[in-house]
Structure formats: C-alpha cells, structure tokens
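Let's take a walk through this structure, one stop at a time. Have a look at the sequence and the model first.

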Amino acid sequence: MQVGDKVKDFTLLDQYGKAFTLSENLDGGYLVLFFYPAAMTMGCTAESCHFRDLGAEFKEVGAKRVGISADPVAKQLEFSNTNSFDYPLLADVDGQVASDFGVKRRFGPIPVKRHTFVISPSMEVELILASELNMNLHADKSLSFLRGKVAK
C-alpha cells in the first residue's frame with residue numbers, strides 16, 4: 001500500500017462482534033486505521049491508549065480512530081474493556097486485511113507490522129506511518145497531518 005492508493009473495502013467484526021465495513025464508516029470524514037501486533041501487550045497498550053487519550057482532538061478534525069490486529073473478538077473486547085477504549089478494535093483473525101495493506105508478516109511470532117494509515121473519505125491512503133518502537137508517533141503524526149488538512 002502506498003500513499004495515493006485506493007483502499008479495498010472490507011468488513012471485519014469489532015470487539016462486540018458487530019460487523020464494521022470501512023466504506024460505511026467514512027461519513028465524509030477521515031479514518032485513522034492503526035495496525036498493532038497484539039492486544040494486551042505493553043507496546044500495543046501504550047499506542048492504543050495514546051489514541052484513546054487524543055480522542056477529543058481527533059473528533060475536532062473530524063476523524064475516526066480504528067485499531068486492528070489479528071486477535072480474536074473476545075481478546076479485542078478484553079483489551080477494550082481493560083483500557084476503556086472509545087473506538088472500534090477490529091479482529092483480522094485470518095490476516096487478509098493486513099495482507100491487503102502490506103503489513104502482514106510472513107513469519108515469526110508477531111503477525112503484523114505496526115503501521116498507521118490515514119484514509120480519506122474517498123477511500124484513498126493519504127498518510128502512512130511505520131514505527132515499531134515509537135508508540136506515540138502514530139497518533140501524534142496522524143493528528144498533526146489531519147490538523148494541516150483542516151487548516152487549509
């Protein structure tokens with residue numbers, strides 16, 4: 001996946017077992033989709049909590065936040081409840097969406113690479129962030145980018 005690419009629509013279950021379809025959740029605004037390796041781990045908790053803590057700021061720029069990992073629905077629900085997340089966590093159990101975005105690992109114990117995609121209302125990728133170690137970078141840089149879009 002590259003900046004400018006059109007995202008293939010997908011439907012996955014969220015932490016409550018409810019179907020989440022990308023195209024139905026753009027509502028004329030941006031969507032920040034962040035892939036994290038595994039729910040309930042230290043780094044993923046830090047990253048996901050930072051997205052939670054910046055919820056009001058993302059709302060101000062008209063953007064939705066959505067987390068996605070290979071964890072099953074029950075694990076996503078536990079992760080969400082433990083950390084009081086106010087956004088969907090999607091269960092990409094078979095890794096198809098991660099594969100479509102080019103973040104599925106081919107081998108090893110960690111199923112996906114930590115990447116964030118800012119998706120426009122027309123379903124185009126406008127920003128891609130990749131960092132395995134800087135947990136705050138994903139939310140901070142996405143928000144900064146979106147503030148620049150709103151200011152124009």
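Once you set aside residues up to four places away in sequence, His-50 touches Asn-136, Ala-139 and Asp-140, where touching, or contact, means heavy atoms within 4.5 Å. You'll find His-50 in helix H1, residues 42-53; helices (H or I, at least four residues) and strands (E, at least two) are DSSP runs, numbered from the N terminus. His-50 counts as buried because its relative accessible area is 17%, and buried means under 20%, exposed over 50% and partly exposed in between, with a 1.4 Å probe and protein chains only.

A quick word on what you're looking at: this is a predicted model, in which local features need pLDDT of at least 70 and side-chain atom pairs count only at pLDDT 80 or more, while totals for chains, interfaces and linings use all residues. Residues are numbered from 1 along each chain as its sequence is written, and side-chain values use heavy atoms, with hydrogens and water left out.

Now for the cysteines. How many disulfides are there? The count is zero, a disulfide being a pair of cysteine sulfur atoms within 2.5 Å. Take Cys-44: its closest cysteine sulfur, in Cys-49, is 11 Å away, so that's too far for a bond. Both are tucked away from the surface by the rule above: Cys-44 is buried at 1% relative accessibility, and Cys-49 is buried at 13%.

Lys-8 is another story. This residue sits in the segment before strand E1 (11-13) and counts as exposed, at 54% relative accessibility. Leaving out neighbours within four places in sequence, Lys-8 is in contact with Leu-22, Asp-100 and Met-123. From Lys-8 to Met-135 there are 127 residues in sequence and 26 Å in space, C-alpha to C-alpha.

Last stop: the largest pocket. On a 1 Å grid over the protein atoms alone, a pocket is an open set of points with protein on both sides within 12 Å along at least five of seven lines, and lining residues have an atom within 4 Å of a point. Its lining has 14 residues, with Phe-20, Asn-25, Lys-64, Arg-65 and Pro-88 nearest the centre. Strand E2 (19-21), helix H2 (55-60) and strand E4 (63-69) each give two or more residues to that lining, and E4 supplies the largest share, four residues. By class, the lining of the largest pocket has six nonpolar, two polar and six charged residues; Ala, Val, Leu, Ile, Met, Phe, Trp, Tyr, Cys and Pro count as nonpolar, Asp, Glu, Lys and Arg as charged, and the others, Gly among them, as polar.

Notes: On a 1 Å grid over the protein atoms alone, a cavity is a set of points where a 1.4 Å probe fits but cannot get out, and a pocket is an open set with protein on both sides within 12 Å along at least five of seven lines; lining residues have an atom within 4 Å of a point.
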